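Please view the sequence and the structure first, and then read the points grouped below.

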Amino acid sequence: MIKNILWDFDGVIIDSMTIREYGFREIFKNFDKQSVDKLIQYHNNNGGLSRFHKIEYFFSNILKQTITQNEILQYADKFTTIMRQELINPKHLIIETVKFIKNNYKNYNFHIVSGSENNELNYLCKKLNLSQYFISIHGSPTPKNNLVSTIITDYNYSLNETILIGDSINDYEAAIANKIEFYGYNNKDLKNKAKIYIDNFNIVI
């Protein structure tokens with residue numbers, strides 16, 4: 001019986017991938033477009049990874065350049081500013097997910113585990129009036145595997161009563177690493193990996 005649900009944020013609760021793509025293009029607008037296009041492809045294939053990782057990946061793997069942690073933080077701060085301006089608009093919320101959360105938050109233990117930067121994530125949830133539906137809200141730079149592990153340990157959750165709902169391969173990997181079930185959503189490529197693929201949230205109940 002499911003008692004605890006860990007939620008990814010981007011692509012599950014909020015439709016943000018195109019806005020985050022815009023953010024990466026903005027902070028790297030002075031770089032070669034073909035290189036930025038490669039980053040966007042990586043970003044779209046790895047929705048669950050943090051901006052810190054993606055910024056470092058852009059320099060190390062695509063540009064073949066070194067980048068310091070301080071420089072990563074500077075780019076991440078610019079990205080955060082753009083996201084805070086764009087994502088507080090409730091029109092980006094995924095209606096069926098939010099409806100399920102509002103109707104069922106008293107029936108389950110809800111947590112958010114996201115690749116979004118932690119302070120930004122909590123800011124967005126507060127501005128979008130979502131915070132009250134979750135016991136805790138956690139984001140990057142802590143890797144998602146660790147976020148999931150910490151929640152399970154801190155709240156003493158039984159593994160067979162806990163699931164993770166996500167839209168990326170990184171969400172799937174975080175669930176598998178922590179020995180909990182993964183429910184796929186909003187990404188047809190996950191149908192062959194997820195124990196259950198959510199076409200309709202009634203299936204979760």
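Predicted model: local features only at pLDDT ≥ 70, side-chain atom pairs only at ≥ 80, totals over all residues.

N186 lies in the loop between β5 (181-185) and β6 (196-198). Its phi is near 65 degrees, a positive value in a residue other than glycine.

**The chain as a whole**

- The protein chain contains 8 helices and 6 strands.
- Read from the N terminus, the order of these elements is β-α-α-α-α-α-β-α-β-α-β-α-β-β.
- For 205 residues, a compact globule would have a radius of gyration near 17 Å, and the protein chain agrees with this at 17 Å.
- The C-alpha trace of the protein chain spans about 50 × 30 × 30 Å along its principal axes.
- Of the 205 residues in the protein chain, 52% are buried.
- When contacts in the protein chain between residues at least 6 apart in sequence are considered, 63% of them join residues at least 24 apart.

**Surface and charge**

- The protein chain has an accessible surface of about 10,400 Å², and carbon and sulfur atoms account for 45% of that surface.
- The side chains of the protein chain include 23 positive and 22 negative ones, and the centres of these two sets lie 3 Å apart.

**Helix α1 and its cover**

- The buried residues in α1 are M17, I19, R20, G23, F24 and I27.
- These residues cover an arc of only 160 degrees around the axis, so they are on the same side of α1.
- The elements covering the buried residues of α1 include α2 (33-45), α3, α4, β2 and α6.

**Helix α6 and its cover**

- Helix α6 spans residues 118-127, and E120, L121, L124 and C125 are buried in it.
- Their arc around the axis is only 130 degrees, which places them on the same side of α6.
- Among the elements that cover the buried residues of α6 are α1 (17-27), α3 (51-62), α4 (69-86), β2 and β3.

- In helix α7, which covers residues 144-154, the residues K144, L147, V148, I151 and I152 are buried.
- Viewed down the axis of α7, these buried residues fall within an arc of 130 degrees, and therefore they line one face of the helix.
- T153 and D154, on the other side of α7, are exposed.
- The packing partners of the buried residues of α7 are β1 (4-7), β2 (109-117), β3 (136-140), β4 (162-166) and α8 (169-177).

**Buried residues in loops**

- Y133 is located in the loop between α6 and β3.
- The relative accessibility of Y133 is 14%, so this residue counts as buried, given that buried means under 20%.
- Apart from neighbours within four places in sequence, Y133 is in contact with I101, K102, Y105 and F110.
- Y133 and N104 are 29 residues apart in sequence, while their C-alpha atoms are 8.9 Å apart in space.
- H92 is located in the loop between α4 and α5 (95-104).
- H92 is also buried, with a relative accessible area of 14%.
- Apart from neighbours within four places in sequence, H92 is in contact with I14, D15, I19, E86 and L87.
- One of these contacts of H92, I19, is among the buried residues of α1.

**Backbone features**

- Most residues other than glycine have a negative phi, and most peptide bonds are trans.
- The peptide bond from S140 to P141 is cis, and its omega is near 20 degrees.
- P141 is located in the loop between β3 and α7.
- N129 is not a glycine, yet it has a positive phi of about 60 degrees.
- The position of N129 is in the loop between α6 and β3, and this residue is exposed, with a relative accessible area of 52%.

Terms used. Residues numbered from 1 in each chain as written. Heavy atoms only, no water. Buried < 20%, exposed > 50% of the residue type's maximum accessible area, 1.4 Å probe, protein only. Helix = DSSP H or I, 4+ residues; strand = E, 2+ residues; numbered from the N terminus. Arc of directions from axis to C-beta. Contact = heavy atoms within 4.5 Å. Rg over C-alpha atoms; globule rule 2.2 N^0.38 Å. Areas by Shrake-Rupley, 256 points an atom, 1.4 Å probe, with all protein chains shown as cover. Lys, Arg positive; Asp, Glu negative; His and termini not counted. Charge placed at Lys NZ, Arg CZ, Asp CG, Glu CD.
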